[in-house]
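Please read it alongside the sequence and the model.

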Amino acid sequence: MKNDFLIKKCTKCGALVEVLKDCECDNCGIRCCGEPMTVLKENSVDAAIEKHVPTYEVIGSYIVVTVNHVMENDHYIEWIALDTDKTTGKKYFKSGEQAKAVFPYIPGSKILSYCNKHGLWSTIVK
């Protein structure tokens with residue numbers, strides 16, 4: 001499983017960046033609005049776990065991933081991603097849509113979801 005799925009967020013404007021390879025220099029890194037971007041930590045915000053952690057059902061050689069979350073104009077799941085050592089797939093959502101995605105069934109892969117108010121959440125496929 002790929003363990004380097006890295007998302008950074010601007011604390012001023014809320015911009016998100018998916019980092020393919022981060023800088024390892026001292027006092028360096030991606031900046032936005034003149035400040036260093038913050039690394040998002042999975043499952044670290046004080047919010048309802050059952051409404052943010054993605055769940056999945058195995059159907060043949062696929063998984064159907066859902067997030068039991070409201071999809072309102074100002075509070076919704078922006079995307080769901082599948083991350084493995086060989087590939088990453090992502091599905092984006094808008095308010096009003098159902099937070100549901102279909103990915104290949106790959107045991108050990110990581111499923112991530114991003115809530116526009118409560119950050120990054122994940123689970124491991126068994």
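Is lysine 110 buried or exposed? Lysine 110 is buried, at a relative accessible area of 11%, which is below the 20% cut-off. The model is a predicted one, and a search of the whole structure gives 5 salt bridges. Three of them are described below, including the one made by lysine 110.

**Glutamate 42 and lysine 110**
- Glutamate 42 and lysine 110 form a salt bridge through their side chains, with an N to O distance of 3.1 Å.
- Distant parts of the chain are linked by this pair, 68 residues apart: glutamate 42 is in the loop between β5 (38-39) and β6 (55-59), and lysine 110 is in strand β11 (residues 110-115).
- Glutamate 42 is partly exposed, at 26% relative accessibility, whereas lysine 110 is buried.

**Lysine 90 and glutamate 18**
- A salt bridge of 2.3 Å, N to O, joins the side chains of lysine 90 and glutamate 18.
- Because lysine 90 is in strand β9 (residues 88-92) and glutamate 18 in strand β2 (residues 16-19), the pair ties together parts 72 residues apart in sequence.
- Lysine 90 is partly exposed at 26% relative accessibility, and glutamate 18 is partly exposed at 32%.

**Aspartate 74 and lysine 117**
- The side chains of aspartate 74 and lysine 117 form a salt bridge at 3.8 Å, N to O.
- Aspartate 74 sits in the loop between β7 (62-66) and β8 (77-83), and lysine 117 in the loop between β11 and β12 (119-124), so the pair ties together parts 43 residues apart in sequence.
- Aspartate 74 counts as partly exposed at 46% relative accessibility, as does lysine 117 at 49%.

Conventions. Residues are numbered from 1 along each chain as its sequence is written. This is a predicted model: local features need pLDDT of at least 70, side-chain atom pairs count only at pLDDT 80 or more; totals for chains, interfaces and linings use all residues. Side-chain values use heavy atoms; hydrogens and water are left out. A salt bridge is a side-chain nitrogen of Lys or Arg within 4 Å of a carboxyl oxygen of Asp or Glu. Helices (H or I, at least four residues) and strands (E, at least two) are DSSP runs, numbered from the N terminus. Buried means under 20% relative accessible area, exposed over 50%, partly exposed in between (1.4 Å probe, protein chains only).
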